[in-house]
Amino acid sequence: MRASTARDNERRRRPAADGEPGAGVRAGGVRSGPWLLPGHDGRLLAYAHVDGALLRWTESGPGGPGWLGPDVLPAEDVAHCTLVQGANRYVHVLGRRVRGGGNRPLAVDLVYAIQYQAGRPMSEWRSVGNPLTRRETAAELGVPAAAVDTAGALHVFAPTAEGRVALRREDAKGRWEPWLDLKAGGVLDTPCAVAASGGHLELVAPARHATLTWQRAKSGAVPERGHDLGVVALPGSMTGVETSPGRITYFFTDPHSGQIVAVRSGEWPVPVGGNPGDGRHAALAVTLDGHPCTVLAHRDAEGRVVLGVCPAEGERYGVWWTDTGMACLGDPVLARDAYGRVVVLAVGADGALSSARQADGPGLTLADWVRV
């Protein structure tokens with residue numbers, strides 16, 4: 001299960017010419033993302049949020065290696081995007097929209113768009129509203145997290161003023177329910193939401209002295225407060241992945257030790273190293289050499305993409321870390337292509353999207369990085 005990379009993945013890359021996809025990303029600057037998601041036809045979809053737009057690239061065929069795009073979804077006044085996907089492969093896009101300023105009061109709400117099929121246009125933005133109805137607090141709405149459960153219902157979790165979390169759900173038929181207050185205080189940042197098999201759904205959120213949890217055991221129920229995790233999470237570093245049926249493992253940075261930890265509800269946290277920076281970790285459940293494994297990725301303290309591999313729920317046996325040599329901006333993301341190969345996507349030091357795909361052979365070996 002050793003992770004390794006090609007020797008020449010630090011070679012210099014040709015700057016993108018004006019009009020090429022890489023040039024557009026670099027010129028606009030990535031505000032949030034990137035994201036890498038599987039489409040309904042097996043092609044991967046890459047997204048990046050830049051000033052005034054959400055950009056989307058689509059693999060030219062299942063398994064690549066070429067990419068088509070970018071397609072542009074205008075996103076005027078959208079300050080941050082969140083993307084999430086359900087079992088039907090629809091891509092749900094949530095944006096935190098900020099209007100006004102200067103001599104006008106700020107107006108903040110959440111907006112929503114959806115892509116039903118790979119390569120097809122996305123819908124227009126629609127407002128999801130704001131759970132904070134008072135003008136003086138409405139601008140304090142935070143960046144939302146989201147998850148789509150096994151019934152196809154979209155759950156939007158928005159951090160609000162005074163450290164609370166509000167939930168709004170859209171059912172599989174597109175009907176939105178009213179906002180609900182999950183009745184917890186002290187939340188410091190965007191939560192992390194994960195939908196698992198069997199209707200199970202969990203939410204975790206960083207607080208000053210704990211990591212708060214909510215759990216929902218069956219479809220249709222409202223998540224209820226669970227036991228706090230036994231370690232504080234660095235805000236903005238959390239990710240979660242289903243590592244066995246109905247069991248979610250969280251990976252985040254412990255600000256006290258500076259290490260990444262792995263933790264499951266009801267279990268002690270396990271330090272796994274990794275020399276992380278201050279960003280979010282990516283996690284992916286895969287099978288390597290016939291064994292269920294977890295692949296991790298993050299931007300390390302030196303600004304490079306680092307991969308980790310460990311047995312699924314076997315973090316205590318050690319994580320094999322490999323520096324890919326790829327300098328990046330922001331947080332890398334992971335997905336599997338149509339052939340089950342691991343694909344890493346990151347914004348390179350030149351501001352352009354680049355990806356690396358698992359090469360043939362045992363363990364996890366990456367082929368060369370290529371520009372999207």
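Trainee: Which residues is Leu-334 in contact with, leaving aside its neighbours within four places in sequence?
Mentor: In this predicted model, Leu-334 touches Leu-36, Ala-282, Ala-283, Leu-284, Val-295, Leu-296, Ala-297, Leu-307, Val-342, Val-343 and Val-344.

Trainee: And what about the largest nonpolar core, which residues have the most contacts inside it?
Mentor: Val-295 and Leu-334 do, in a core of 20 residues.

Trainee: Which strands each supply at least two residues of that core?
Mentor: They are S22 (282–288), S23 (291–299), S24 (304–311), S25 (320–336), S26 (342–348) and S28 (364–366). S22 gives the largest share, four residues.

Trainee: Switching to the open sheet, what is its strand order?
Mentor: The order is S18-S19-S20-S21, with antiparallel pairing. S18 (239–244) and S21 (270–273) are the edge strands, each pairing on one side only. On average, neighbouring strands of the sheet are turned by 30 degrees against each other, direction ignored.

Trainee: How many bridges join S20 to S21?
Mentor: Three, and S20 covers residues 260–264.

Trainee: Where is Leu-229?
Mentor: Leu-229 lies in the loop between strand S17 (224–225) and S18.

Trainee: Is Leu-229 buried or exposed?
Mentor: Buried, because its relative accessible area is 7%, and the cut-off for buried is under 20%.

Trainee: What is Leu-229 in contact with, leaving aside neighbours within four places in sequence?
Mentor: Its contacts include Val-263 and Arg-264, along with Val-204, Tyr-250 and Phe-252.

Trainee: How far apart are Leu-229 and Pro-74 in space?
Mentor: They are 39 Å apart, C-alpha to C-alpha, and 155 residues apart in sequence.

Methods. Residues numbered from 1 in each chain as written. Predicted model: local features only at pLDDT ≥ 70, side-chain atom pairs only at ≥ 80, totals over all residues. Heavy atoms only, no water. Pairing = 2+ DSSP bridges. Axes fitted to C-alpha atoms, helices over the stretch in contact; angles between N-to-C directions. Buried < 20%, exposed > 50% of the residue type's maximum accessible area, 1.4 Å probe, protein only. Contact = heavy atoms within 4.5 Å. Core = buried A, V, L, I, M, F, W, Y, C linked by side-chain atoms within 4.5 Å.
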